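Could you walk me through this protein model, one part after another?

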Amino acid sequence: MSISLVDLQNFVNSELIPLEPIFLQQGFGAILPKLHELRENVRQRGWWLPPLSRLYGGLGMPLTEFAAISEELGRTPTGHYVFNCQAPDVGNMELLHMHGSADQQARWLMPLAFGDIRSCFAMTEPEHAGSNPVWMDTHAVKDSDDYVINGHKWFTSSADGAAFTIVMAVTNPDAAPHLRASQIIVPLDTPGFKLVRNVKIMGEAGEDWSSHAEVRFEHCRVPQSNRIGGEGAGFALAQDRLGPGRIHHCMRWIGICERALELMCRHAATRELSPGVMLGSRQVVQHWIAESRADINAARLMVMDAAHKIESKGAYAARVEVSTIKYFVAGVLQRTLDHAIQAHGALGITDDIPLSWWYRHERGARIYDGADEVHKNVVARQELKKYGVNFRD
Ligand SMILES: Cc1cc2nc3c(=O)[nH]c(=O)nc-3n(C[C@H](O)[C@H](O)[C@H](O)COP(=O)(O)OP(=O)(O)OC[C@H]3O[C@@H](n4cnc5c(N)ncnc54)[C@H](O)[C@@H]3O)c2cc1C
């Protein structure tokens, strides 16, 4: 089943965008009952969970097809949530689909795919540079048939209200750095798991799915059968998860950019600087619009190119393209939002329209799933290798 883009756009415009004022003024919890109604509506239309395999109730859409859907959903902050393809759940679903045991799939993937529960992913630690993912303190020590986990994580997105997390923990401290950690499912009602706080992002702690938590694991005991994949395979699995995950973010960001450009153009076309003289008549505003259009179109083509390469040659072969779009599209997102905010004047930094929410919450786009600088290193190294430069670190 494919989704008509016209029908989807109508749905987003008529059902989701009208919820934005309540979301922006009162928070995610205030619209949650309505979002659950809309999820049911989406399920009945046969639009549920486009990227996941049909085996788990999804539509099994290839990345190149999902790109246009994700862009449309990205036009409003809760679009992906209503289609149950929001981060971090969709990444966890893909991980469990590819690497989970039959028991893990029945116990965790099925209810996640059905939308009955939510999940989170706990890898980054406040005490260590997340950019060096092999360096961490969280340990899982074997005790009879269990692991006992101790550690401190933060930016565990959407932990508030989640049923379980997948935690990255050292299980093989004496192995080579990339073979030390495993990914282990920890139900959040496990004794010893503590949600310390939802971390304030630019002044806002958020709630439920729309939040980022600091968490602690204090002697959390879970069965060894909760480990996903082989012992020490945590980083290999993380790579599998992050490749498509980065593409998903880029597709969503293009939707945000299109909406920002739309808001900028509408405002430029209707805001009078003096009677009969529109803001859009000023060359500087026209340049912001023209630059944003070029940036967005270039970003979309680059994302599609990376998606094609992942589909035809696999995620590893496409790693340079994926790194390139990660920093390029994050930069386009930041520039486009900034132009749109500037064009709106004071209104742009209010929560009467969604630009400032995105500006605050998507500043992280240049940091999460690999900071800009780390991805630029990947791309530059590949370029320099062509000129005989060897890298030893
Ligand atoms: C909104 C948001 C959501 C997140 N969600 C999750 C989540 O759900 N689960 C999770 O585990 N983590 C999550 N994270 C954490 C994220 O993965 C880390 O923030 C990221 O890996 C960077 O790690 P760090 O913050 O420790 O920065 P550091 O590694 O300390 O880096 C700080 C800065 O140093 C620079 N830098 C780092 N390395 C290099 C280098 N090699 N060369 C040049 N410059 C460099 C970069 O500018 C970087 O921004 C989230 C982060 C954000 C912002």
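Helix H10 is largely enclosed by the rest of the structure, because 20 of its 26 residues are buried. A residue is called buried if 20 or more other C-beta atoms lie within 10 Å of its own, exposed if 12 or fewer do, and partly exposed in between, with C-beta atoms placed from the backbone. Helices here are DSSP runs of H or I with at least four residues, strands are runs of E with at least two, and both are numbered from the N terminus.

Before going on, keep in mind that this is a predicted model: local features need pLDDT of at least 70 and side-chain atom pairs count only at pLDDT 80 or more, while totals for chains, interfaces and linings use all residues. Residues are numbered from 1 along each chain as its sequence is written.

Now check the length of H10, which covers residues 319-344. The expected span of a helix is 1.5 Å times one less than its number of residues. For the 26 residues of H10 that gives 38 Å, and the end C-alpha atoms are 38 Å apart, so the two values agree.

Helix H8 leads us to Leu263, which is found in it. Leu263 is buried because 20 other C-beta atoms lie within 10 Å. Leaving out residues up to four places away in sequence, Leu263 touches Ala340, Ile353 and Leu355. Leu355 is 92 residues away from Leu263 in sequence, but their C-alpha atoms are 8.8 Å apart in space.

What about the nonpolar core? Such a core is a set of buried Ala, Val, Leu, Ile, Met, Phe, Trp, Tyr and Cys residues joined through C-beta atoms within 7 Å. The largest one has 101 residues, and Ile149, Val186, Val303 and Val329 touch the most other members. Helix H8 (residues 234-270) gives the largest share of this core, 14 residues. Not counting residues up to four places away in sequence, the contacts of Ile149 include Val167, Ile184, Val186 and Phe217.

Next, step back to the whole chain. An automatic or database domain assignment sets the domain bounds, giving domain 1 (5-86), domain 2 (119-230) and domain 3 (236-385). The C-alpha centres of domain 1 and domain 2 lie 28 Å apart. Their contact takes 6 residues from domain 1 and 5 residues from domain 2.

Finally, look at the ligand. A residue is near it if its C-beta atom, placed from the backbone, lies within 6 Å. Of the 19 residues around the ligand, Met123, Ala129, Gly130, Ser131 and Gly364 come nearest. Strand S1 (119-122), strand S3 (146-157) and helix H12 (372-385) each supply at least two residues of this shell. Domain 2 and domain 3 each give at least three residues to the shell. By class, the shell has 10 nonpolar, 8 polar and 1 charged residues; Ala, Val, Leu, Ile, Met, Phe, Trp, Tyr, Cys and Pro count as nonpolar, Asp, Glu, Lys and Arg as charged, and the others, Gly among them, as polar.

Definitions and conventions:
Two residues are in contact if their C-beta atoms, placed from the backbone, lie within 7 Å.
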